[in-house]
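Hi everyone, thanks for coming.

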Amino acid sequence: MRAFAELLDRLAFASSPAIRVRLMADYLRRTGDPERGWAVAALGGGLDTARVRPAALLALAAERTDSELLRLSLDFVGDPVETAALIWPESGAAPSPPVLAEALPALAGSSRSAAPGLLTAWFDRSDASVRLALAQLAAGRRPPGVTPRLVRTALAAVFPADLGAIEEVWHAQTPPYGPLFAWLEGRAPRPEAPAGFRPLMPVRVLDNKALAGLDLLRYRAERQWSGLRVQIVAEAGRYRLYSRSGDDISFLFPDVVAAMEGLEGVFDGVLMAAAGPDGPPCRPGPPEALERRLGRKSVPRRLPEEVPVFVRLFDMLFDGGEDMRAMALSERRARLEARIEDRPRFDLSPSLAFEGVEALDALRRQGVSLVLKPAAGPYRPAGPPWLIVRAAPQTVRALLLAARPGGVGEGGPSYSVGVFRDGAPAAVGDAPCRLAAGERERLDRWVRKHMTGRYGPVRAVEPALVLEVAFDDVRPAPRRKAGLALERPEITRILWDLPPDAADGLERLTVNRTGQA
Amino acid sequence: MTDALEDWLRLTPAGLWCEPGGFHIDPQRAVERALITHGHADHARPGHDAVLATPETLAIMALRYPRDRPARQALRYGETVRAGGVSVRLAPAGHVLGSAQAVLEYRGRRVVVSGDYKRAPDPTCAAFEPVRADVFITEATFGLPVFRLPDDREETARLLHSVEAFPDRCHVVGAYSLGKCQRMLGLLRRAGYDRPVWLHPALDEMTALYRDFGVELGETRPLGGAGSLVGEIALQPPGPEQRTDGMADPVRVFASGWMQIRAHARRRGVELPLAISDHADWTALTATIADTGAPEIRVTHGSPDALIRWAQGRGLDARPLEPPSGSGG
């Protein structure tokens with residue numbers, strides 16, 4: 001547990017995914033069964049250990065310490081989970097912390113009322129670093145930037161199996177993953193994984209220079225849809241939806257699973273919010289509506305009706321039992337069109353006709369992002385990726401409204417920006433600033449000098465500084481006062497000398513926009 | 001009836017003032033006569049007419065303020081001098097080389113001014129020596145119970161493990177030039193690390209001074225243009241002077257008690273925070289108050305509230321060190 005606590009601590013401060021992978025790989029190399037399996041479960045989200053709220057952790061600490069000392073400490077530390085772990089009194093006896101194989105299953109199997117008792121007993125046996133790790137597990141906090149995919153990447157770095165092979169068997173495994181490790185170490189055959197995930201074609205964003213060097217005639221183009229990339233697997237009466245990283249999300253979309261009835265094969269597409277129950281072809285709804293369907297533990301009965309979704313397919317990997325991945329895209333596409341005709345909740349992503357780079361640019365200027373795929377290319381995830389050509393960025397003059405320091409795993413601070421609506425600034429997005437260091441420092445000095453209030457880590461400022469903000473698109477955002485939000489905003493220039501009223505009004509963002517098809 | 005403490009020792013705008021002795025302790029402004037507990041700039045300022053300190057602290061001040069020419073009086077640990085009616089002795093504080101507690105006696109009452117101190121063993125300076133006192137004036141930099149720092153050997157082992165796990169990167173440890181830098185060297189050597197350690201030029205002179213006083217720090221090499229330093233450890237002062245250009249994907253490490261709190265470590269932007277401090281942590285602060293046996297406690301620097309609360313809970317007369325009321329300062 002000490003080693004795992006140290007790993008969590010390092011992960012909390014790791015600056016890139018590559019470093020996170022190395023830290024996890026280092027741990028996995030030094031750790032045996034079943035401890036490493038439980039660690040993988042804790043890191044990869046394979047186990048729900050969220051049993052104690054931060055306030056309840058603090059209440060546990062309050063039973064052991066003076067309330068005033070606890071209050072002063074919390075004021076200083078800020079985080080109740082960390083405060084409780086650090087302030088916990090120690091007996092002076094040598095710590096004998098629980099192993100993960102003891103703590104994790106016990107925590108996951110406990111009720112919300114029993115979990116505090118478990119924690120108390122473990123805290124009494126542990127030093128501060130282990131207490132902090134246990135507290136975070138119990139509070140359901142996971143290290144920032146550690147995704148299930150990244151954990152599998154670490155496994156692929158340690159063992160002689162590639163990521164794709166691990167992902168194909170992953171979903172059928174349960175903690176502490178004994179058979180998986182046995183296979184990875186060559187001690188056992190590859191575990192069975194019926195209706196498993198197949199690695200997806202990756203995508204890469206293409207810059208203008210690379211685009212100019214491309215032989216466009218060899219490519220097919222499609223619109224890039226904003227939604228959730230999914231893999232649809234229908235095999236031997238099993239129907240599953242996987243996320244881009246190979247996580248089984250079927251339970252989130254019972255409506256889609258039901259609509260797969262009778263399908264046989266593996267498909268690639270984008271799951272989107274629908275504007276209504278009709279189709280195919282389906283009409284996309286506001287992309288942010290999809291948020292309500294995600295990140296849940298269970299699905300309320302009415303939700304599928306309230307927020308209808310559909311899957312827009314663009315590729316086919318298996319037709320029944322036939323592996324099509326070596327075939328050319330044009331061939332796969334023809335088969336897909338034949339198989340998917342007139343099925344509710346499914347439709348096809350149309351191919352866009354274009355001639356040369358001028359036609360592409362015209363689409364981009366209309367705010368359309370595109371995906372380019374070689375027409376003769378196979379579906380080979382390890383090969384060259386599909387290429388994304390982003391819509392031409394547009395700019396708006398916006399007012400700086402607030403600054404928020406960047407957390408771990410984020411690029412840096414982000415700045416809330418707004419435009420005028422009825423004479424008052426209304427926020428339209430949070431934009432990072434990747435200008436030169438000198439300019440960023442000047443901006444932060446400005447923020448400190450013009451601060452009008454603090455809301456947690458967020459500093460509100462006087463709306464007096466005009467920024468040029470580039471963005472890819474505008475989407476409706478009913479909960480914002482402005483009613484819309486910028487997609488991918490970024491501060492591209494600070495207009496130090498402009499007066500505040502030089503900022504644009506909301507109408508600048510609402511006219512002349514092309515809606516989504 | 002004994003004299004009230006404030007009759008002869010009180011906080012003034014210039015700093016702690018001992019009236020019958022006619023000297024200030026760690027004054028913030030230039031004064032006539034100063035007793036300096038240790039060489040850190042927030043305690044040792046230039047411009048005094050006369051300075052009383054340990055020989056090590058005097059040497060550190062001479063190095064830091066080459067143009068400063070006070071009358072210097074060296075007082076070794078354990079020796080006593082008289083100033084006015086006050087007897088003055090210096091006892092090791094364990095904070096940095098030459099750091100001392102000021103032990104003052106006047107009319108049968110003994111006051112111990114801790115200066116900055118720590119209780120953890122440090123191979124680069126004399127160990128803290130608890131002194132019985134009637135009044136103990138203590139620092140409280142880490143005066144909160146969340147600051148119970150891990151064993152510095154464990155923190156050193158974390159650094160060395162990281163060097164092993166990332167052999168293709170350079171570990172750049174941020175450490176203050178006086179004390180922390182040499183302590184890190186000492187800790188690395190004690191842990192058996194015998195490779196040369198690369199020193200930023202700003203850390204060079206102070207490290208040489210430690211060596212002059214007989215502190216063993218192993219081989220160090222100057223950082224300037226040293227290249228990628230793959231697999232090596234470099235020490236740098238914290239803050240903007242840090243140089244990482246040319247280094248192989250540097251791991252930013254920072255050694256400080258503040259690293260105990262994640263939000264602080266995040267603000268520093270470090271990848272490997274090490275909770276190694278030259279100040280007493282909560283355990284040491286409370287143990288030291290008990291060790292002095294002092295019924296009166298005055299708390300200064302850092303977070304006094306929690307420590308005062310703790311001491312009052314043990315029936316001690318504990319208060320913040322403040323200027324006497326009505327003094328206008």
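Let me start with a question: where in chain A does A:Ala236 lie? The answer is a loop, the one that runs between strand 3 (228–235) and strand 4 (238–243) of chain A. When I say helix or strand, I mean DSSP runs, numbered from the N terminus: H or I of at least four residues for helices, E of at least two for strands.

Quick housekeeping before I go on. This is a predicted model, so local features need pLDDT of at least 70 and side-chain atom pairs count only at pLDDT 80 or more, while totals for chains, interfaces and linings use all residues. Residues are numbered from 1 along each chain as its sequence is written, and chains are lettered from A and ligands numbered from 1 in the order in which they are written.

Okay, back to A:Ala236. Its phi is near 50°, which is a positive value in a residue other than glycine. Is A:Ala236 buried or exposed? A:Ala236 counts as exposed, because it has 8 C-beta neighbours inside 10 Å. The cut-offs go like this: with C-beta atoms placed from the backbone, 20 or more others within 10 Å of a residue's own makes it buried, 12 or fewer makes it exposed, and in between it is partly exposed.

A:Arg488 also has a phi near 50°, again positive and again not a glycine. You'll find A:Arg488 in the loop between strand 19 (484–487) and strand 20 (490–495) of chain A. With 15 other C-beta atoms within 10 Å, A:Arg488 comes out as partly exposed.

Staying with chain A, let's talk cis peptide bonds. One joins A:Asp33 and A:Pro34, with omega at about -5°, and A:Pro34 has its place in the loop between helix 2 (17–30) and helix 3 (35–44). Another joins A:Pro175 and A:Pro176, where omega is about 0°. A:Pro176 is in the loop between helix 11 (163–170) and helix 12 (178–184).

Now a sheet. Chain A has an open one of 5 strands, in the order 1-11-10-2-9, with mixed pairing; two strands pair if DSSP finds at least two bridges between them. Strand 1 (203–205) and strand 9 (351–352) stand at the edges with a single partner strand each, so one side of each has no neighbour in the sheet. Strand 1 runs parallel to strand 11 (residues 386–389), joined by 3 bridges, and A:Val203 stands opposite A:Trp386 there.

On to chain B, which has 7 helices and 19 strands. Its mean pLDDT, the predictor's confidence in each residue from 0 to 100, is 93, and 96% of its residues reach 70 or more. Of its 329 residues, 51% are buried. The C-alpha trace spans about 70 × 45 × 35 Å along its principal axes.

For the complex, the predictor gives an ipTM of 0.94 and a pTM of 0.78.

That's my tour. Over to you!
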